[in-house]
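Reader: I would like to go through this model one feature at a time. Please start with helix packing.

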Amino acid sequence: MLQFLYSHMDESPANRLCPRKMPRQQRSKATVTAIIEATIQVLLSKGAARLTTTDISDRAGVSVGTLYQYFPNKDALFHEVLRQHLDHIGTAMEASLLRYRGQTLAVIANGVVADYLDAKLARIDISRALYQLSPALEVAELQAALVVRIDTVLRHLLESASDATIANLDSVVFSVRTALVGMVRMVIEEGAPPSKIGILRRELTTLCHAYLMASGHVSH
């Protein structure tokens, strides 16, 4: 009965995917962290369709009532896991801007590929789990926000390149970001072994650098 009551409170479209409250004290933050981690682990072991909030609360070591204090339903949990993951990637890409601004196209291409891959591989289990969730969740806004962050980083980096001036910057940024995101997703989603990840890292760097060199006027 408690689970039913919690799961049907505040279920308006605007609130369905939003956390009920954000943790403020250290103990509350630890509880939410445990719930998020449990969501990932149960999602990987049971799949999104069979997973229940009871499974998650059991894995997290909290009551269902405690879980519902923070999240109204399992979709809200999935949404928060995805939000945190995409924010981690966006933050990693923004750090690239600080490291590689004003460098050569070769350094920029290598750095951007490495930083994006490292962000995705830091928790490859989350990446793989969330790829299966994305089509079922209302995540367009989250994904669009990450695209803006990546495109902004790429634009500033390419504008700052020390050895070339890039023509058609909008098209080049779009193409590099699409290649980066699309190829990494395809390899990770297919469950590629570490050897394939290594090939992806090398070849994607070569691809991006060659494309950037072909798209710009190289300074001498």
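Reader: At what angle do helix 9 and helix 10 pack?

Author: In this predicted model, helix 9 (residues 169-189) and helix 10 (residues 194-215) pack at about 170 degrees, and their axes are 11 Å apart. Angles over 145 degrees count as roughly antiparallel, so that is the term for helix 9 and helix 10.

Reader: Which residues in helix 9 and helix 10 meet?

Author: From helix 9 the list includes Val172, Val176, Leu180 and Val187; among those they meet in helix 10 are Ile197, Leu204, Leu207 and Tyr211. By class, the residues of this contact are 14 nonpolar, three polar and no charged.

Reader: What is the general idea behind a nonpolar core?

Author: In soluble globular proteins, nonpolar side chains tend to be buried together. Here the largest nonpolar core has 64 residues, and Ile35, Phe71, Met93 and Leu158 touch the most other members. Helix 5 (residues 74-100) gives the most to this core, with 11 residues.

Reader: Which residues is Met93 in contact with, leaving aside its neighbours within four places in sequence?

Author: With those neighbours left aside, Met93 is in contact with Val112, Tyr116, Ile150, Val153 and Leu180.

Reader: Is Ala119 buried or exposed?

Author: Buried means under 20% relative accessible area; Ala119 has 4%, so Ala119 is buried. Ala119 is found in helix 6 (residues 105-121). Beyond four places in sequence, Ala119 is in contact with His85, His88, Ile89 and Ala92. Ala119 and Ala92 are 27 residues apart in sequence, yet 6.4 Å apart in space, C-alpha to C-alpha.

Note on methods:
Residues are numbered from 1 along each chain as its sequence is written. This is a predicted model: local features need pLDDT of at least 70, side-chain atom pairs count only at pLDDT 80 or more; totals for chains, interfaces and linings use all residues. Side-chain values use heavy atoms; hydrogens and water are left out. A nonpolar core is a set of buried Ala, Val, Leu, Ile, Met, Phe, Trp, Tyr and Cys residues joined through side-chain atoms within 4.5 Å. Buried means under 20% relative accessible area, exposed over 50%, partly exposed in between (1.4 Å probe, protein chains only). Helices (H or I, at least four residues) and strands (E, at least two) are DSSP runs, numbered from the N terminus. Contact means heavy atoms within 4.5 Å. Axes are lines fitted to C-alpha atoms, for helices over the stretch in contact, and angles run from 0 to 180 degrees between N-to-C directions. Angles under 35 degrees count as roughly parallel, over 145 as roughly antiparallel, 65 to 115 as roughly perpendicular and the rest as oblique. Ala, Val, Leu, Ile, Met, Phe, Trp, Tyr, Cys and Pro count as nonpolar, Asp, Glu, Lys and Arg as charged, and the others, Gly among them, as polar.
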